[in-house]
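Have the 3D view open as you read.

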Amino acid sequence: MHNLQQAKTELGDVLSTQGKYGEAEAYASAGLEDALVLNGLNTTPVGYALGVVGWMRFQQGDLTSAEKYYRHALAAVEGSGVVRHSTSLASRRAALANAQLVQG
């Protein structure tokens, strides 16, 4: 089941990057729901899934929503107890910083 959740999330990410936002929304949302059920809120899979939804919003120009999702993604990863030098944590921080930079 974890592989299916991860595949949905990653497919949402790829479709979003290709500009197929309708399909991306469906897969990213399904991946996020599965990640929450399988892993709980404060986990790296949930942080990644929230980041994918944020990326989708970012690409569509909805910077306010993107920032919101990025903040939740960062909180999930921080709450998971990862070490300070975790690449997952660094990725979530970078995404949030990018959204804030673009907003000015």
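Helices here are DSSP runs of H or I with at least four residues, numbered from the N terminus. Keep in mind that this is a predicted model.

Start with Gln5, which sits in helix α1 (residues 2–17). Is Gln5 buried or exposed? Gln5 is buried, with a relative accessible area of 5%. Setting aside neighbours within four places in sequence, Gln5 touches Gly31, Asp34, Ala35, Leu38, Asn39 and Pro45.

Now for the charged pairs. Side chains of opposite charge can pair when their charged atoms come close. How many salt bridges does the count come to? The count is 3, and here they are:

| Salt bridge | Distance, N to O |
|---|---|
| Asp34 and Lys8 | 2.7 Å |
| Arg57 and Glu25 | 2.8 Å |
| Arg71 and Glu67 | 2.8 Å |

Asp34 is in helix α2 (residues 21–39) and Lys8 in helix α1, so this pair ties together parts 26 residues apart in sequence. Asp34 is buried at 14% relative accessible area, while Lys8 is partly exposed at 22%.

Arg57 in helix α3 and Glu25 in helix α2 are 32 residues apart, linking distant parts of the chain. Arg57 is buried at 16%, and Glu25 is partly exposed at 27%.

Arg71 and Glu67 are 4 residues apart in helix α4 (residues 63–79), which means about one helical turn separates them.

Finally, the axes of α3 (residues 44–59) and α5 (residues 87–103) come within 10 Å and cross at roughly 25°. The two helices are therefore roughly parallel, since angles under 35 degrees count that way. Their crossing is left-handed.

Methods. Residues numbered from 1 in each chain as written. Predicted model: local features only at pLDDT ≥ 70, side-chain atom pairs only at ≥ 80, totals over all residues. Heavy atoms only, no water. Axes fitted to C-alpha atoms, helices over the stretch in contact; angles between N-to-C directions. Parallel < 35°, antiparallel > 145°, perpendicular 65-115°, else oblique. Left-handed = near helix turned anticlockwise from the far one by under 90°. Buried < 20%, exposed > 50% of the residue type's maximum accessible area, 1.4 Å probe, protein only. Contact = heavy atoms within 4.5 Å. Salt bridge = Lys/Arg side-chain N within 4 Å of Asp/Glu carboxyl O.
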